[in-house]
Number of protein chains: 2
Amino acid sequence: MAEYSISNLNKVVRGSKRATYDVETIHTILDDGFLCHIAYVYNHQAIVIPTAYARKGDKIYIHGSLKNRMMLSLLEAGTASISVTHLDGLVLARSAFHHSANYRSVNIFGTVKKVEDPIEKMEALKYVLNHMIPGHWDNVRQPNEKEFNATLVLEIHIETASAKIRAEGVVDDKDDYNSSIWAGVVPIKQVAYDPISDEQLPENTKIPEEVLRYVSKNKS
Amino acid sequence: MAEYSISNLNKVVRGSKRATYDVETIHTILDDGFLCHIAYVYNHQAIVIPTAYARKGDKIYIHGSLKNRMMLSLLEAGTASISVTHLDGLVLARSAFHHSANYRSVNIFGTVKKVEDPIEKMEALKYVLNHMIPGHWDNVRQPNEKEFNATLVLEIHIETASAKIRAEGVVDDKDDYNSSIWAGVVPIKQVAYDPISDEQLPENTKIPEEVLRYVSKNKS
C-alpha cells in the first residue's frame, strides 16, 4: 500500500484514527471532485481561493487568465496548500458537543510551477475539462492560439498529502443514550440535474453522451 | 447600500463585473452555507482547512478542540482568509475556453481572536450549531463544564470581504454560435435526504421539527 510521507505539515494530530496517507484513497477523493480551495502566502498574509482542478498522477493542474492576480501570486509564492472536501452528511447527536459531519477530505502541500511546454499545457487544459465531465474535451471546440496564449496553467506537485474520512453514525456519551433526545444522520450530497440546453442551438442538437452520463451518475 | 471597504486584499480584479462588496449579499451567501475553508500562515507556509462556521453580524465563529493544532496555529497567526463557495451549475460552452461554473462565492480577510467570555463563548457554540440546523440547539443536551472547557472558540472579525456571483447561461464567441456543438448548463445543488434515526433511540422518538424543516428546505 503506497503512502504519502508524513511531515509536520500533513501529519494529522486530532482525530488521527480518521486519517490516512494512502495514495489510492487520496487520489479517489481528489477524483471525486473538481472544485478545490487553494491557499498561498501573499504579503505575509494567507489567501484562499476556490478553483477548478484536475489530478494526473502526483500533479494537480489549475488554470486561469494570464492576468489573474491570484494565479500570479500563487506562482510567486511557489508553494500552496490545497483542500478538497466532500460533505456526506450532518451527524446530529443527542449532545451539542458530539455534533459532527460525515465527510471525505484531502489536504495537500505542494510546489507550484508554470506549465511552459505547449503540449503539456494543452494536455493539462484537457485534464481540467475532462475532470469536470469525463471525455467532454473531444466534444467541444478546442483552444485557438489566442485563447491558448491568454491562459496560464499551473502545476502543483504533491509533496505531502493526507485524507480524513468520517463515515459513521452518531457517537454520544454513554449517559446520553438514556435520554429521549432524538439523534441521527442527515445525508447530504451534491447532485446534478438535467442539462438546460442553450437557447441558441440549432434545432435537434443532441446532448453529448458524456454529459448525459455525468448527469445520470450524479443524479439525486 | 452598505458595502465592505475595498483594499488590496479583497479587490476583485478579474471578472470584476461579477464582484460585489455589498454587505447584505455577502451575508446572505455566508448564511447559505455552514462549511468554510479557512487559510492562515504557519511557518511561512499557507495552510487551508475545512471547518464549520457561523456568522453573527461582522463576526465569523469557528470551534474546535483546545488541543487542535490547526486552531492554535490560526490563533497564533492572528489573521485569516476565509472562502465560502456554493456551486450552482456547470456552464458547458461550445468552446473549451468558455467553460465556466455558476457559483456564489465569498472571500473574507479578518483578524482572529479567542472568545474568552463564557457567556459569549456559549452563544458562539449555539450560533455554530444553529447555523447548521436553525433552532436545533434547544433540542439537544447543551455542553457541560468539561465539554465547554475542552472547546476552543475563535472569532474572526471581518475586516474586508467580497463576493463573486455567476448566474447565467453559456457565453460563447460569436463565430461558435454557427457550429453544431452542443452547449448548455448542468444545474448543481447540495441536497439533504430524509434523516436516518440512530438505532439506539427509544421507540417512537420523534424527529424534531427543526430537522424536518431543514431537510424539506434542502431536498432535491
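**Fold, burial and salt bridges in a predicted model**

Chain A is built from five helices and ten strands, where helices (H or I, at least four residues) and strands (E, at least two) are DSSP runs numbered from the N terminus. The structure is a predicted model, so local features need pLDDT of at least 70 and side-chain atom pairs count only at pLDDT 80 or more, while totals for chains, interfaces and linings use all residues. Residues are numbered from 1 along each chain as its sequence is written, chains are lettered from A and ligands numbered from 1 in the order in which they are written, and side-chain values use heavy atoms, with hydrogens and water left out.

Along the principal axes, the C-alpha atoms of chain A fill a box of roughly 70 × 50 × 35 Å. Of the 220 residues in this chain, 52% are buried; buried means under 20% relative accessible area, exposed over 50%, and partly exposed in between, with a 1.4 Å probe and protein chains only. Among contacts in chain A with a separation of 6 or more, 70% are between residues 24 or more positions apart, a contact being heavy atoms within 4.5 Å.

Leaving aside residues up to four places away in sequence, Cys36(A) touches Ile49(A), Pro50(A), Thr51(A), Tyr53(A), Ile82(A), Ser83(A) and Val84(A). For Ser83(A), which is 47 residues from Cys36(A) along the chain, the separation between the two C-alpha atoms is 5.8 Å.

Turning to charge, chain A carries 25 positive and 28 negative side chains, and the centres of the two sets lie 3 Å apart. Here Lys and Arg count as positive and Asp and Glu as negative, without His and the chain ends; the place of a charge is taken as NZ of Lys, CZ of Arg, CG of Asp or CD of Glu. Side chains of opposite charge can pair when their charged atoms come close. Over all chains, the structure holds 20 salt bridges, each defined as a side-chain nitrogen of Lys or Arg within 4 Å of a carboxyl oxygen of Asp or Glu.

One of these is formed by Glu123(A) and Lys126(A), at 3.8 Å from N to O. The two residues are separated by about one helical turn, because they are three residues apart in helix H3 (residues 118-132) of chain A. Glu123(A) is partly exposed at a relative accessible area of 31%, and Lys126(A) is likewise partly exposed, at 27%.

Another salt bridge pairs Asp198(A) with Arg94(B), with 2.6 Å between the closest N and O atoms. Asp198(A) sits in the loop between strand S10 (196-197) and helix H5 (209-217) of chain A, and Arg94(B) in the loop between strand S6 (79-92) and strand S7 (100-114) of chain B, so the pair joins two chains. Both partners are buried: Asp198(A) at 15% relative accessibility and Arg94(B) at 0%.
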